[in-house]
Amino acid sequence: MKKVIILHENDAWTAPLKTELEKRDVPYETWHLHEGEVPLHETPPDAVYYNRMSASSHSRGHRYAPELTAAVLNWLERHNRTVLNGSRALYLELSKAAQYEALKAHDIPVPETTAVVGDTRLIEASRNMPLPFITKHNRAGKGLGVKRFDSTEELEQVLSQNMLEPSIDGVMLLQKYIDAPDNTITRCEFIDGKFLYAVRVDTSGGFELCPADACAVDETPQRPPFEIIDDFQSPLIAKYEAFLQENGISFAGIEQITDADGNTFTYDVNTNTNYNSDAETVYGRSGMSEMAEVLKQYASAPLVKGGV
């Protein structure tokens, strides 16, 4: 069996997967890519590589981890190593603008969005955006930069007070606000490019919707913040799977929201997906367990050369 090598920058998010691999006696190691080197003149180890790099790495002090990961992935792919969530997946993880264009190529509706650089241009662009609108970071995660505005004047005031944190890549997004009547979104999880289950996520507490146990806050919500939906059906599932296949994404969580008129919009693709243990306990299924099974299969099949 080959070794599984996990590329990441967050020990807390990686720990549950390590536990599941150990249960299955799968040899593994982790490459924490906050800092490091890539010996491009050497041949990388013959292993199964799983990229779990996050667009929000800079929020944990790992500013250049994605750039280092890109160098590693190019090195691995050049040598035809088995890479799950490779360089294309990383590219989409780091740019919501790129995500939206890739989703639209598969006839997947996304919210009306404008990408902007510069505060002055942000204000100007907001005048053409339906009200209300939100701002968000192009390179984000964790709800970074997401704020709702009911007018351009409100945005101008926030910018004048330096109360809107800029995106780490300099690109801010203006996006039409989609109002879900029940204050929920749906997150669809995929393992090896195939649909696993869907989670109903309560958004009444704000825009930070990380499902990982490490993201949990000490509050008692009126309803469970994460609930797995029994027998979830949607015509978007087949389109999501085709999108993942085309872009070489093996593991992902894709988030959608439905408005009062029943229109569903997809607004985020997480290629470093995490799972909520409370919701999974109720449902009786484990995303990390199934991920570990897939990694074991790849590690046990030395002739397999690719992602999905």
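**Exercise 1.** Which residues form one aromatic cluster with Phe 190?

*Solution.* The model is a predicted one, in which local features need pLDDT of at least 70 and side-chain atom pairs count only at pLDDT 80 or more, while totals for chains, interfaces and linings use all residues. Residues are numbered from 1 along each chain as its sequence is written, and side-chain values use heavy atoms, with hydrogens and water left out. The cluster consists of Phe 190, Phe 195, Phe 232 and Tyr 240.

**Exercise 2.** Classify the ring pair of Phe 190 and Phe 195, and then that of Tyr 197 and Tyr 283.

*Solution.* Rings of Phe, Tyr and Trp (its six-membered ring) pair if their centres lie within 6.5 Å, and planes under 30 degrees apart count as stacked, over 60 as edge-to-face and the rest as tilted. Phe 190, at 0% relative accessibility, counts as buried (under 20% relative accessible area, with exposed over 50% and partly exposed in between, for a 1.4 Å probe and protein chains only), whereas Phe 195 is partly exposed at 24%.

Tyr 197 and Tyr 283 are likewise edge-to-face, with 5.9 Å from centre to centre and 70° between the planes. Because Tyr 197 lies in strand β10 (residues 194-202) and Tyr 283 in helix α8 (residues 277-283), the pair ties together parts that are 86 residues apart in sequence; here helices (H or I, at least four residues) and strands (E, at least two) are DSSP runs, numbered from the N terminus. Tyr 197 is buried at 3% relative accessibility, and Tyr 283 is partly exposed at 29%.

**Exercise 3.** Describe how helix α1 packs on helix α9, and state which residues make the contact.

*Solution.* Helix α1 (residues 11-23) and helix α9 (residues 287-299) pack at an angle of about 60°, their axes being 9 Å apart; axes are lines fitted to C-alpha atoms, for helices over the stretch in contact, and angles run from 0 to 180 degrees between N-to-C directions. This makes α1 oblique to α9, since angles under 35 degrees count as roughly parallel, over 145 as roughly antiparallel, 65 to 115 as roughly perpendicular and the rest as oblique. The contact (heavy atoms within 4.5 Å) is made by Trp 13, Pro 16, Leu 17, Glu 20 and Leu 21 of α1 together with Met 288, Ser 289, Met 291, Ala 292 and Leu 295 of α9.
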